[in-house]
Structure formats: structure tokens, C-alpha cells
Amino acid sequence: MTVKFKIQGRTYTGTQEESLLGAIRRYGYEVPSLCYHEAVSPYGACRLCLVEVQKGKRRKLTTSCNYPVLEGIEVFLDTEKVVRHRKMVFQLLLAVAPAAKKLRELAAEYGVTETPFVPEDEKNECILCGLCNRVCKEVVEADAISFAGRGTSKRMESPYDETAEACIGCGACVHVCPTDCIGMKEENNIRSILRWHRDLPMQICKKCNRPFAPTFQLNEFAKRVNLDRARFDNCPDCR
Amino acid sequence: MDAKKLNTILDKYRREPSALLAILQDIQDEENYLPKDTIRQVAGELGVPLARIYALSTFFSSFSLEPRGKHICTVCMGTACHVRGAPRLVEHIEREFDVPAGQTTPDMQLTLETVNCVGACALGPLVILDGEYHGNMNPAKLDRVFRPLKKKE
Ligand code: SF4
Ligand code: SF4
Ligand code: FES
Ligand code: FES
């Protein structure tokens with residue numbers, strides 16, 4: 001259903017099904033975020049996408065990625081309150097993942113370069129945003145990794161922090177990770193997804209002799225769509 | 001866990017993926033921990049991704065991924081219990097049974113664990129042995145609580 005709503009006093013249209021953050025960005029406004037991706041369900045983990053939303057008489061601070069676009073709401077960006085809370089969120093994130101370069105850069109863009117909180121692990125780069133997990137589950141449908149533990153021992157890892165055997169080496173998680181802390185490399189026809197300890201031999205195209213995708217991934221795809229495996233012997237260019 | 005035992009548990013829940021938690025609980029009760037091989041089999045049998053079971057089994061503190069002792073002793077180290085001498089109790093048990101906190105005696109008799117506040121602060125310091133709460137503990141009282149265990153040794 002199409003609805004009308006306001007951003008900074010100007011009227012725009014959107015649908016109730018979309019995320020408020022997506023709608024705000026569509027109209028050219030900037031809001032920082034680390035755990036949002038339009039392809040997967042929002043999770044509200046990083047708390048960076050804060051805005052103020054006025055609904056009738058009530059005005060409140062909320063994360064926008066997991067807020068719906070509702071008829072008649074008014075959205076305010078970068079208010080004094082938003083700026084103050086966002087600064088705190090950046091400081092907390094910097095303490096969680098002090099080694100995350102991209103996080104430090106984004107924080108610096110918003111004027112935050114230091115944190116008063118004491119980091120637990122100076123080397124940590126993962127902000128526990130869960131994007132890798134959501135992409136792997138919802139888009140790739142491999143469900144190879146997950147959160148483990150909880151509270152201060154919560155971490156994102158492959159089962160038992162050993163080889164993620166369900167991982168097809170597609171690299172989707174590597175690509176969406178906001179802090180680049182998963183890592184992938186290809187060497188001697190082996191593709192490795194570093195953080196999940198997964199090494200997969202590549203299939204060599206029978207025509208052009210180039211490695212094009214992990215063999216295991218092609219096996220899985222053939223199984224999923226119930227096609228003859230031989231159809232995947234050649235790379236997409238030579239098919 | 002042997003295949004027959006596991007099958008009995010799985011059948012009990014008609015191999016329903018939605019019964020996963022109950023299944024894990026039963027395995028934990030039988031084995032006192034969740035053996036890795038068994039978890040792999042459960043994943044295969046129910047068609048549930050291993051990653052999801054792993055997430056569950058590390059989330060709930062009632063599950064353990066490591067083998068645990070026949071008896072489980074938990075000492076509360078929450079703030080209230082801490083100031084009333086919980087660290088002394090831990091040291092006492094560590095010495096008496098020669099097992100560091102967080103580990104199990106080599107004969108698999110006793111696992112010693114610590115937790116943060118079990119919500120009975122008024123009774124602190126608190127020690128839980130095999131599910132039974134013992135409040136206002138001191139080393140002398142502890143010895144009495146542990147006497148049945150010591151005898152068997
Ligand atoms: S590379 Fe592996 S873990 Fe990452 S999204 Fe693909 S299948 Fe999942
Ligand atoms: S590995 Fe990256 S994508 Fe996954 S939870 Fe950590 S920061 Fe997020
Ligand atoms: S983008 Fe909204 S909480 Fe992370
Ligand atoms: S601190 Fe021990 S029960 Fe609360």
C-alpha cells in the first residue's frame with residue numbers, strides 16, 4: 001500500500017512493506033548503517049541508523065532499518081538527540097571491534113575517533129552484525145554459519161569454529177561483511193573462505209581450461225535444481 | 001551416543017525439526033553433554049543445518065559441548081555472592097577435589113562451574129550441587145554438602 005510520509009518536513013511516498021532506511025536513502029538523504037542490506041531481513045544490530053520519528057503526538061528515537069514506512073509519520077535526521085546517541089553507538093562499536101578499519105573510517109566521518117570504553121579484544125574486527133549469517137541463510141540458502149554463545153562470549157563462527165561443511169564458497173558473506181573481516185582467497189585452484197576455514201577445489205572449465213567455481217558449489221546447484229551435473233562442466237561463457 | 005539410543009530419542013519426537021530443543025535436552029540428559037558426532041547425526045537426520053544446531057547448543061547454558069562429570073557443582077560468583085566470600089568457596093572446592101573451576105575431574109565424577117548471579121542473592125554465598133541449592137555457604141558447611149560424594153571416592 002502506498003503511503004505519504006515526511007522527511008525533514010518534505011513529503012514523499014513509500015510503501016508499508018519497505019524499510020524506512022531504504023526509503024530515506026532513496027530520496028537522497030544520508031544515514032549511516034552497518035548491518036543493513038536490502039536483500040535480507042533487517043536485524044537492528046548496529047544501532048547506527050538512528051532517526052527521530054514523529055507519529056501523531058509521539059516522537060521517538062528509533063533505528064530506521066527495521067521501522068516500517070507508515071502513513072503520516074515525520075522523520076527527522078541528524079537532530080541533536082540523534083547525533084548524541086549515534087556518537088555513543090559509534091563509541092560502543094569501536095570498543096567491540098577496535099581493529100575494524102572500515103568502522104573506524106565511518107566513525108571518523110561522523111567525528112568519532114576515540115572511545116571511552118575499554119575494548120575486550122584489541123584484535124577483533126567483527127561487530128556481530130549478523131549480515132553474513134542472514135545472507136548465507138536467506139539468499140544463498142546454505143546456512144553454513146551462525147552466532148554462537150551469548151552475552152560477552154557471543155561470536156559469529158562456523159560450527160565448532162572448524163570447517164564450515166555446508167559452505168559452498170560463494171563469497172556472498174565476504175562481500176556483505178561491513179568490516180571486511182571474513183576474507184577469501186584463490187590460490188592453486190583452491191578457493192578459501194578464511195574465517196570459516198573452508199577450502200574448496202575449483203572446477204576447471206572443460207573448454208577454456210579456466211577455474212570458474214568451486215566444484216562443491218556446482219554439485220549443490222545441480223542437486224538443487226535437479227539438473228544433470230554435466231551441464232555444469234563448462235564455465236558460463238563456454239556453455 | 002550409540003545409534004540405538006539416539007534413534008529412540010529421535011523417534012520419540014517423530015523426527016520433527018521443531019522438536020530440536022527437546023531432542024538436544026534429552027541427549028544432554030543422557031550423556032551429560034552434547035557429543036559432536038551425535039550433533040552431526042541429528043543435523044543429518046532432521047535435515048537441519050549444523051550451524052543452527054550449533055547456535056542453539058552454544059546459546060543455552062544448560063547445554064555443554066564438553067563432557068561433564070557425574071556431579072555438577074555450580075558456585076555463584078555474582079556480585080552479592082562474591083562479596084560474601086564465593087571466591088573462597090571456589091578455591092576450597094578446587095583444592096578438595098583437585099579440579100580447576102570450569103573443568104571436570106579426570107575420573108568424571110565432578111564438574112566445577114561458576115555462574116553470575118542465579119537470582120537468590122539473599123541466600124548468598126550460594127552453591128548448587130546437582131540442582132540442589134545450598135545457601136549461606138562456608139567451607140565447613142561445604143564439606144558436609146560434599147560428604148556423600150567424597151565417600152564414593
Ligand atoms: S561463502 Fe559460504 S558461508 Fe559465505 S555466504 Fe557463501 S556459502 Fe555462506
Ligand atoms: S563477520 Fe562481518 S558480516 Fe559477519 S557478523 Fe561479523 S561483522 Fe557482521
Ligand atoms: S542498520 Fe539499522 S541497526 Fe544496523
Ligand atoms: S549474586 Fe549469587 S545469587 Fe545473586
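This is a predicted model: local features need pLDDT of at least 70, side-chain atom pairs count only at pLDDT 80 or more; totals for chains, interfaces and linings use all residues.
Local features are given for pLDDT of at least 70 and side-chain atom pairs only at pLDDT 80 or more, while totals for chains, interfaces and linings use all residues. Residues are numbered from 1 along each chain as its sequence is written, chains are lettered from A and ligands numbered from 1 in the order in which they are written, and side-chain values use heavy atoms, with hydrogens and water left out.

The interface between the chains involves 17 residues of chain A and 13 residues of chain B, where contact means heavy atoms within 4.5 Å. The buried area between chain A and chain B is about 1,300 Å², with 53% of it on carbon and sulfur atoms; buried area is the accessible area (1.4 Å probe) that two parts lose on being put together, summed over both. On the chain A side, the most area is lost to chain B by Asp143(A), Arg150(A) and Tyr160(A), which together account for 50% of what that side buries. Three salt bridges are found across this interface, a salt bridge being a side-chain nitrogen of Lys or Arg within 4 Å of a carboxyl oxygen of Asp or Glu. Asp143(A) is paired in this way with Arg52(B), with 2.4 Å between the closest N and O atoms.

Seven residue pairs, both members at pLDDT 80 or more, are in polar contact between chain A and chain B. A polar contact is a pair of N or O atoms within 3.5 Å; within protein, one must be able to donate a hydrogen and the other to accept it, and residues adjacent in sequence count only if both atoms are side-chain atoms. At least two residues of the chain A side that touches chain B are supplied by each of β6 (146–148) and β7 (155–157) of chain A. The largest share of that side, three residues, comes from β6(A). Helices (H or I, at least four residues) and strands (E, at least two) are DSSP runs, numbered from the N terminus. By residue class, the chain A side that touches chain B holds six nonpolar, three polar and eight charged residues. In this scheme Ala, Val, Leu, Ile, Met, Phe, Trp, Tyr, Cys and Pro count as nonpolar, Asp, Glu, Lys and Arg as charged, and the others, Gly among them, as polar.

Chain A is divided into domain 1 (2–109) and domain 2 (131–232), with bounds taken from an automatic or database domain assignment. The centres of these two domains, taken over C-alpha atoms, are separated by 30 Å. Eleven residues from domain 1 of chain A and eleven residues from domain 2 of chain A take part in the contact. The area buried between the two domains of chain A is about 950 Å², of which 59% comes from carbon and sulfur atoms. In domain 1 of chain A, Val40(A), Tyr43(A) and Lys102(A) lose the most area to domain 2 of chain A, together 48% of what that side buries. One salt bridge is found across this domain interface. Lys102(A) also forms a salt bridge with Asp180(A), at 3.4 Å from N to O. The side of domain 1 of chain A that touches domain 2 of chain A comprises eight nonpolar residues, two polar and one charged.

The surroundings of both ligands were listed with a cut-off of 4 Å from a residue heavy atom to the molecule. Around ligand 1 are residues including Cys136(A), Cys167(A), Cys170(A), Cys173(A) and Trp196(A). The shell around ligand 1 has ten nonpolar residues, two polar and no charged. Ligand 2 is surrounded by residues including Cys126(A), Cys129(A), Cys132(A), Cys177(A) and Cys181(A). The shell around ligand 2 likewise consists of ten nonpolar, two polar and no charged residues.

Chain B contains seven helices and four strands, in the order α-α-α-α-β-α-α-β-β-β-α along the sequence. The domain assignment of chain B gives domain 1 (3–59) and domain 2 (71–151), whose centres over C-alpha atoms are 30 Å apart. Along the principal axes, the C-alpha atoms of chain B fill a box of roughly 50 × 35 × 20 Å.

Most residues other than glycine have a negative phi, and most peptide bonds are trans. The peptide bond from Gly124(B) to Pro125(B) is cis, with omega near -5°, and Pro125(B) lies in the loop between β2 (110–115) and β3 (127–129) of chain B. Gln8(A), which is not a glycine, has a positive phi of about 50°. Gln8(A) is located in the loop between β1 (2–7) and β2 (10–15) of chain A.
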